[in-house]
Amino acid sequence: MEKKYNWAILGCGKIARKFSSDLKLLPNANLYAAASRDLQKAKDFAGELGFEKAYGSYEEMVADPNVDAVYVATPHSHHYEHAMLCLNHKKAVLCEKAFAMNKNEVEEMIDCARKNKTFLMEAFWTMFQPSFKKAMEIVKSGELGKLKIVRSDFAFNAPFDENKRLYNVKLGGGSLLDIGIYPVFAALTSLGKPEIIKTFTDFASTGSEESISMIFRYKDGQMANLTSSFAGFSPTQTEYWFEKGYMILNPKWHAPTNITVWKEGGEMQTFPSEHKEGTGYQYEAAHVMECLDEGKIESDKMSWQMSLDLMETLDRIRIDAGIFFPDHDKNIFF
């Protein structure tokens, strides 16, 4: 008989609401507990989504012996702290991206998971989307020849507000860690880590980065052109340019979508999305429970090494761009 897992949500914000709604689609997932620093907020969230319990502190929630897995959905400035709290109480952790604020924090989280023999995975939901998996199959098949260039963007208009998370340096504000991580992910999963990184950045008055363009260059001449911004809207699509054609992960490419493939000679084909219901967060949650069923502490699809490579690349981008988080980057970059 399939084991049912008691899920807890740490941080009751917008993305936690989407994730929890999709969790209901999985028969082996039980919506067990919601935790917030504000008990009333936790109670409201639990009542709305159908969780059995509500906690007014994260410490209370992780002390509950019935909690099996925790989805960490706080701002990424707090991911390290909250993931470590859960891991040290031996709760399986699915932690939202960016996994942490820098590679040092990610390394400590992984060391803690290994020490406690407890599951840990970055919640990079794109990795588990049917459309993205299909795109990676096409890249690896070689049917379009060698991949030469990746172009990827993610931007929307976020009116400036110095009090909001997006522009708050203390909360890891800026487009790079919030949405720029997606285009970087697109390059890493198809071309790997770059040899050279060049950036062009525009900063808000709070010191947070509002827009950033990134160029990756690889040893054999392959390139990636990546952009994220809070200043205006973009198509939010990813293009793969090959020797014998191109492929587009259509807007919004990081979520369930369809794929357009053009082959040299004029043949064009569209692969419709296989996604049927929900927003698409259920795929990563289902994978976590598959790993737990098999006694794994690390995913073979969104591995610790992938998260380390991603965070190392983000660190390199920030060094080139001069993006610095004082509460996290002391004695690391400068």
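The dialogue below takes up these topics in turn.

Tutor: This is a predicted model, in which local features need pLDDT of at least 70 and side-chain atom pairs count only at pLDDT 80 or more, while totals for chains, interfaces and linings use all residues. Residues are numbered from 1 along each chain as its sequence is written, and side-chain values use heavy atoms, with hydrogens and water left out.

Student: In what order do the strands of the open sheet of eight strands lie?

Tutor: Strands of a sheet pair through backbone hydrogen bonds, either parallel or antiparallel. Strands (E, at least two residues) and helices (H or I, at least four residues) are DSSP runs numbered from the N terminus, and two strands pair if DSSP finds at least two bridges between them. Here the order is β8-β9-β10-β7-β11-β12-β13-β14, with mixed pairing.

Student: How many bridges join β9 to β10?

Tutor: Seven bridges join β9 (residues 209-217) to β10 (residues 223-229), and the two strands run antiparallel. Within β10, Ser229 stands opposite Ser211. Helix α9 (residues 304-321) packs on the sheet, touching β8 and β9; contact means heavy atoms within 4.5 Å.

Student: At what angle do α7 and α9 pack?

Tutor: Two packed helices are described by the angle between their axes and the distance between the axes. Axes are lines fitted to C-alpha atoms, for helices over the stretch in contact, and angles run from 0 to 180 degrees between N-to-C directions. For α7 and α9 the angle is about 115°, and the axes are 10 Å apart. Among the residues making the contact are Leu177, Ile181 and Phe185 of α7, and Leu310, Leu314 and Ile317 of α9.

Student: Which residues are the closest to the centre of the largest pocket?

Tutor: On a 1 Å grid over the protein atoms alone, a pocket is an open set of points where a 1.4 Å probe fits, with protein on both sides within 12 Å along at least five of seven lines; lining residues have an atom within 4 Å of a point. Of the 35 lining residues, Lys14, Ile15, Lys18, Arg165 and Asp178 are the closest to the centre. The space is about 990 Å³, a volume being that filled by probe spheres set on the points, which are joined across faces, edges and corners.

Student: Which element gives the most to the lining of the second largest pocket?

Tutor: Helix α6 does, with five residues. That pocket holds about 190 Å³ of space, and its lining includes Phe132, Lys133 and Thr189.
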